[in-house]
Amino acid sequence: MAHIEGEIMIERPVDEVFDFVADERNEPRYNPRMVLAEKTSPGPVGLGTTFTARTMTMGRPVDMTIETTGYERPRRLKSSTVLSNMAIHGTLSFDARPGGTLMRWCWDVQPHGLLKLMTPLIARQGKRQEEVIWTGLKHYLESGGDSASGTADRMLA
């Protein structure tokens, strides 16, 4: 298993950051690899909400299902993500700070099959990818919703 964690300060109110992140349909706006995110459960976003999503990894589409397994607005989100070759379980926490929100992430990545042999590489790559994703969120929210993909794409290079 790979453990990935980090944090970022976002100069927006905690309620705004939490609500935006809790709705996975927003992620393609700030994650340059995510090309699709759809809500698959009825009702408002909350505990038990499910999504399907597609990312592009090394030029190939990767489909996943995401379930919100913990929802404590505006402080904590937990999720379970299932891909064909791994499962990811984790928590996002949101703390109000002067001038904004301190957001922390903590993921446990469980590769399946032969991918288990690449766990150390997955941990390093995952840490880098998470930094790109959440920096994209920071730029997106702090700019008032302007596209952050150009910034995130430059960070991937």
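A hairpin of 3 residues links β4 to β5, where strands (E, at least two residues) and helices (H or I, at least four residues) are DSSP runs numbered from the N terminus, and two strands count as paired if DSSP finds at least two bridges between them. The model is a predicted one, in which local features need pLDDT of at least 70 and side-chain atom pairs count only at pLDDT 80 or more, while totals for chains, interfaces and linings use all residues. Residues are numbered from 1 along each chain as its sequence is written, and side-chain values use heavy atoms, with hydrogens and water left out.

**The sheet**

The strands form an open sheet of 7 in the order β1-β7-β6-β5-β4-β3-β2, with antiparallel pairing. The edge strands are β1 (2–10) and β2 (34–39), each of which pairs on one side only. Neighbouring strands of this sheet are turned by 20° against each other on average, direction ignored; for such angles, axes are lines fitted to C-alpha atoms, for helices over the stretch in contact, and angles run from 0 to 180 degrees between N-to-C directions.

| Strand pair | Bridges | Facing residues |
|---|---|---|
| β1 and β7 | 9 bridges | E5 and C106 |
| β7 and β6 | 12 bridges | M103 and F94 |
| β6 and β5 | 7 bridges | A87 and V82 |
| β5 and β4 | 7 bridges | V82 and T65 |
| β4 and β3 | 8 bridges | T65 and T52 |
| β3 and β2 | 5 bridges | T52 and E38 |

**Turns and backbone geometry**

Most residues other than glycine have a negative phi, and most peptide bonds are trans. Against that background, M58 has a positive phi near 50° although it is not a glycine, and M58 is placed in the loop between β3 and β4, whose two strands form a hairpin with 2 residues between them. The peptide bond from R73 to P74 is cis, with omega near -5°, and P74 lies in the loop between β4 and β5.

Two glycines also take positive phi values: G99, with phi near 90°, belongs to the hairpin of β6 and β7, which has 2 residues between the strands, while G144, with phi near 80°, follows α2. The hairpin of β5 and β6 has 3 residues between its strands.

**The helices**

Helix α1 lies across β1, β3, β4, β5, β6 and β7, running at about 165° to β6, where contact means heavy atoms within 4.5 Å. Helix α2 lies across β1, β6 and β7 and runs at about 20° to β1. With 24 residues, α2 reaches 34 Å from its first C-alpha to its last, close to the 34 Å expected at 1.5 Å a residue, the expected span being 1.5 Å times one less than the number of residues.

**The largest pocket**

How much space lies in the largest pocket? The value is about 1200 Å³, a volume being the space filled by probe spheres set on grid points that are joined across faces, edges and corners. On a 1 Å grid over the protein atoms alone, a pocket is an open set of points where a 1.4 Å probe fits, with protein on both sides within 12 Å along at least five of seven lines, and lining residues have an atom within 4 Å of a point.

The lining of the largest pocket comprises 45 residues, and M64, L83, M86, I88 and Q129 lie nearest its centre. The elements that give two or more residues to this lining are α1 (14–22), β3 (50–57), β4 (60–72), β5 (76–82), β6 (86–97), β7 (100–111) and α2 (119–142). Of these, α2 supplies the largest share, with 9 residues. By class, the lining has 27 nonpolar, 11 polar and 7 charged residues, where Ala, Val, Leu, Ile, Met, Phe, Trp, Tyr, Cys and Pro count as nonpolar, Asp, Glu, Lys and Arg as charged, and the others, Gly among them, as polar.
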